[in-house]
Amino acid sequence: MEKFELEQKIVEMIKTVYDPEIPVNIYDLGLIYRIEVKEDNAVEVDMTLTAPNCPAADFMMEDVRQKIETLEGVSKLTLNLVFEPEWSQELMTEEAKLELGLL
């Protein structure tokens, strides 16, 4: 499987993960900062939270981990929780803003 194809499958999987308090997937919320597929199909993902003290942090990270690790072709996953840059509503897709009534 090509790196680009695997990355697309990862994005599709991440779009099935939701913050329990917000009816928008975490990808469209802008919580995924980086997805990198390396030569050996090891995957590295940087994600953040809407707030550092998010009560659903463990749930969302475990959901992301489980869904990516089940994808055929992923040899290893490194999931990093980062807080730089700080998340803001500007990182959301237009669809997410529309869904939340911000447009």
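Student: Which residues does Ile10 touch, not counting those up to four places away in sequence?
Tutor: In this predicted model, Ile10 touches Ile35, Val37, Val43, Ile68 and Leu71; contact means heavy atoms within 4.5 Å. Residues are numbered from 1 along each chain as its sequence is written, and side-chain values use heavy atoms, with hydrogens and water left out. Local features need pLDDT of at least 70, side-chain atom pairs count only at pLDDT 80 or more, and totals for chains, interfaces and linings use all residues.

Student: How many residues has the largest nonpolar core?
Tutor: That core has 31 residues, and Ile10, Ile26, Val45 and Ile68 have the most contacts inside it. A nonpolar core here is a set of buried Ala, Val, Leu, Ile, Met, Phe, Trp, Tyr and Cys residues joined through side-chain atoms within 4.5 Å. Buried means under 20% relative accessible area, exposed over 50%, partly exposed in between (1.4 Å probe, protein chains only).

Student: OK, new topic. What order do the strands take in the sheet?
Tutor: The open sheet runs S1-S2-S3, with mixed pairing. Strands (E, at least two residues) and helices (H or I, at least four) are DSSP runs, numbered from the N terminus; two strands pair if DSSP finds at least two bridges between them.

Student: And S1 with S2, parallel or antiparallel?
Tutor: Antiparallel, over five bridges. Val37 stands opposite Val43 in S2.

Student: Is Asp46 buried or exposed?
Tutor: Asp46 counts as buried because its relative accessibility is 15%. Asp46 lies in strand S2, and its contacts beyond four places in sequence include Tyr33, Arg34 and Asn80.
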